[in-house]
Amino acid sequence: MSGQFSSVMMFVSLMAIAFATNRASEQTLPSEAHRARGLATVHPEDLRKKQILGEFKTAPLFPHTLKVTGPLKVDIQVDGQPPAKIGARFVLMAHVHSTQPLASAQFKWAIPEGVRWISGAQTGTLTDLEPGKAKIVQIVLEKASVENRQVHIHAQGAVGRSRFAAAAQYNTELQTYLDREQQSVKAGIEALQKQSQRPKIHH
Amino acid sequence: MLKSAPFMMFAILIVVGCSKKTSAPTGCTDSTGLTCPGPAEVAYCSSTTAYSNSVTITGTAQYIRREPFAGGLGNASLTGATHPAQAYPIRYAEVRVLNSAGKPIQCATTATNGTFSFQLPKSSSTFTVQVNSRAFNSKLRASVLDAPLSNKFYSLTKTVAPTANKSIGTLTATASGATLGGAFNILDQFAFANDYLRAKAGNCSAISAQCTNFTVAPKVSAYWIAGFNPYSYYGGTSGVSFYLPGYSRLFILGGINGDMGSSDTDHYDNSVVIHEYGHFLEDSMFASDSPGGFHNGNAVIDPRLAWSEGWGNFFQAAVTNWSGYGDAAYATAEYIDTIGNADGTSTVGLSVDLETPDAYDEPDFQGEGNFREFAVSRFLWDVVDTGTDAGAVDGISDEFGRIWAALTKSSLSFKDSNMKFRNVGLLHLVENEMTSNMSTWNAIRTLNMHDPDQSEYAQYVRPSGNCSYTITPANISTDDGSLDSSDLFRNNDFYHLRIATAGTYTIRLDYEDANAMGDVADLDLYVYNESAQFAVGSDILAYKTSRPTQTPTANQVESVSVTLPKGDYLINVNVFTGGILGTEAEYTLKLNGSKLCPANLVQ
């Protein structure tokens, strides 16, 4: 049994060596491999080009269609500690992103019963949104119920007559738990992705 | 917050918890559960039983639909002061009658007006009548279920004691609380899609003898839970509906963490529901090569994705604008997606006009329309609409049957397994081959800036002839020089290579400075497998990314030697934009020394 295993490992190793030799002669290597081989053999401009080109992407676990969602994205983070008890004040920061340049976008917070508004604009307009540069809006609230309450923000914009929007949610009691669960699922998915793409002969 | 929210949150946590398991369910290797078969659905009830000494029980089933309006999604009440809901019949659905032991003793199907009728043995016993969120008959084959690891349908129920002929009245799926109206609305949108296809493609053999007249689509399963975001299966937080190719499963957004009032939901966004069903149709009745993934509807994207999404956007408009649809809220050719509803804070998540470009996803260059999803949608819409385009009558209207024939006929179509890298350019080629009448659609091709072929993406090439190509680099504001941000239309060319015999092949790119000024663009060579997700490492079989020497007359070379099994591959010539942009390059591609030149796969 162990002999069979060794043979398999040997075969895999030989295949890997043969493949690496093939790549080294004909394909420019990713930047990590460059470093492993020593920078002395690499022209600085080649290295720079590799760095700009960036790493290849990872394939999704299950290719799936996604509904079209428009250029705006928004997410909410609590700035500091989540509200622990009634009367506790907390700060929510919404990051509004656009995947394309946008002259303006409007935002609106939806504050439910059980949460008291303290300060910060509940509606407003953001201007000159650029891809990769989030605009931040902030609001200060006070917890007024022991039950979980959901605070929302909507951000909306337009190009011509076409309109689009995005929404995000913050849970006063459950957010930490939900974030942890989400991270756990994500980590599991990423592990599966890596597993499913590991033994590739070609790159 | 909705009264039912605690229950919803509980259900959602269970679903999320199941999807989080690191070990797969028994007999399935997918720990997310998305692709696992799960327990079998309860057997469909289709056999009518005759009883002696019977009575006839009648009833009606309806669902309540919240309607979209300019400010978002409307009221749950039929009598709401503003933006009231509408009631619609539950059509083609399974009716199941259970005895006190839970055993089915009678089956029926709801009619087009939602009525149903069945016989029961005359008795003073109590029976339970179920109208279920599924259908499997000559009109519709679909189930709206809760989750893949559960496979439970939704039911409206009422009890009856069949002491005499009687009506049990109206069973109503409401638009608030448990929101069963959402499940039945999803089912009804599938029914409308099938109705439309019967009306427009029920006689498509008259257009092409190879087209099978549409009767009913294969069975689909739609998974939906009120308040639940199916993107949770992937660890995502943004609200998303999606289709899972190869599994006939679509997932509809029911809300976020139990909330439907201010969060994104899709069970009443009929544009989204029918769009996703459109993906199911391409997966089950013809074929798609879409790589899937994120798209914001206003960008140059992979033409296979643009085709697939553009088809879905178009199909929903074709169905909802059809005279048989009958909902005034969808009277214009728009894609409408709402967020929240009148019970909370609502807005329009996406509203795009399919008739007039209006700067949203509008191409600037000839050929770019093949790379933009709404440019694809608008072209298809122009084929079926009855209005004028570009200020003039285009002479084309109500020609969905031609589209369907080009997609589904048995050979030289999207369905044909010989076709690869399917995109709208293939539709143009197939349609031309089918009707030899390309000029008819040329006006709307031009209007939407489509190339009438695949010259810009997946041009089929063979090692024969003598040819060269050119590419002129473009400065794109969203391009940071990385491969991932490269503009697929302006800074890339793609060629479809078919390898008939497995072996080791040398693929070589030779290019030179078209203006002989020594400032030629930096071209790189990539060879992708058949799935060819752009910039995805596992799909790139070989690549070469040397820098040009910038000598005016020098021939620049990128060459790879790669072992290729028999199959189809995509050769990508990419402009590296992270250095000096450079100028036009003239290039040739060679396979083992023979030039690769355009050939016709559709002939």
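Helix α2 of chain B, residues 180-201, has 22 residues, which at 1.5 Å a residue should span 32 Å; the end C-alpha atoms are 31 Å apart, so the two agree. The expected span here is 1.5 Å times one less than the number of residues in the helix. Helices (H or I, at least four residues) and strands (E, at least two) are DSSP runs, numbered from the N terminus. In α2(B), 20 of the 22 residues are buried, where buried means 20 or more other C-beta atoms within 10 Å of a residue's own, exposed means 12 or fewer, and partly exposed lies in between, with C-beta atoms placed from the backbone.

This is a predicted model, in which local features need pLDDT of at least 70 and side-chain atom pairs count only at pLDDT 80 or more, while totals for chains, interfaces and linings use all residues. Residues are numbered from 1 along each chain as its sequence is written, and chains are lettered from A and ligands numbered from 1 in the order in which they are written.

**Confidence**

- The predictor assigns the complex an ipTM of 0.89 and a pTM of 0.91.
- Chain B has an average pLDDT of 92, and 94% of its residues score at least 70; pLDDT is the predictor's confidence in each residue, from 0 to 100.
- Residues 1-22 of chain B fall below 50 in pLDDT, and beyond near neighbours in sequence this stretch has 38 contacts in the model. Two residues are in contact if their C-beta atoms, placed from the backbone, lie within 7 Å.
- For chain A the average pLDDT is 80, with 76% of the residues at 70 or above.
- Two stretches of chain A have pLDDT below 50: residues 1-39, with 22 contacts beyond near neighbours in sequence, and residues 198-203, with 7 such contacts.
- Where pLDDT is low, the predicted coordinates should not be read in detail.

**Where the chains meet**

- The interface brings 77 residues of chain B into contact with 56 residues of chain A.
- On the chain B side, the elements that give two or more residues are α1 (5-20), β14 (242-244), α3 (270-284), α4 (303-320), β16 (334-339), β17 (347-353), β23 (540-544) and β24 (556-564).
- The largest share of that side, 7 residues, comes from β17(B).
- By residue type, the side of chain B that touches chain A divides into 28 nonpolar, 38 polar and 11 charged. Here Ala, Val, Leu, Ile, Met, Phe, Trp, Tyr, Cys and Pro count as nonpolar, Asp, Glu, Lys and Arg as charged, and the others, Gly among them, as polar.
- β17(B) also pairs with strand β9 (residues 162-171) of chain A, antiparallel and over 2 bridges; two strands pair if DSSP finds at least two bridges between them.
- Within that pairing, Arg163(A) has Ser351(B) as its bridge partner.
- Phe56(A), in the loop between α3 (44-53) and β1 (65-66) of chain A, is in contact with Ala535(B), Val536(B), Gly537(B) and Ile540(B), leaving aside its neighbours within four places in sequence.
- Phe56(A) counts as buried because 20 other C-beta atoms lie within 10 Å.

**An open sheet in chain B**

- Four strands of chain B form an open antiparallel sheet in the order β6-β5-β8-β11.
- Its edge strands, β6 (104-109) and β11 (155-160), each pair on one side only.
- The twist from one strand to the next averages 20°. Axes are lines fitted to C-alpha atoms, for helices over the stretch in contact, and angles run from 0 to 180 degrees between N-to-C directions.
- Strand β8 (residues 127-132) of chain B is joined to β11(B) by 6 bridges, running antiparallel, and Gln130(B) has Thr157(B) as its bridge partner.

**Inside chain A**

- Chain A has 4 helices and 9 strands, arranged along the sequence as α-α-α-β-β-β-β-β-β-β-β-β-α.
- Of its 203 residues, 29% are buried.
- Among contacts in chain A with a separation of 6 or more, 64% are between residues 24 or more positions apart.
- Strand β4 (residues 102-110) of chain A runs antiparallel to β6 (residues 123-129) of chain A, with 6 bridges, and is also antiparallel to β8 (residues 150-159) of chain A, with 5 bridges.
- Phe107(A) stands opposite Gly124(A) in β6(A) and has Ala155(A) as its bridge partner in β8(A).
- Gln81(A) sits in the loop between β2 (72-79) and β3 (89-98) of chain A, and is exposed because 10 other C-beta atoms lie within 10 Å.
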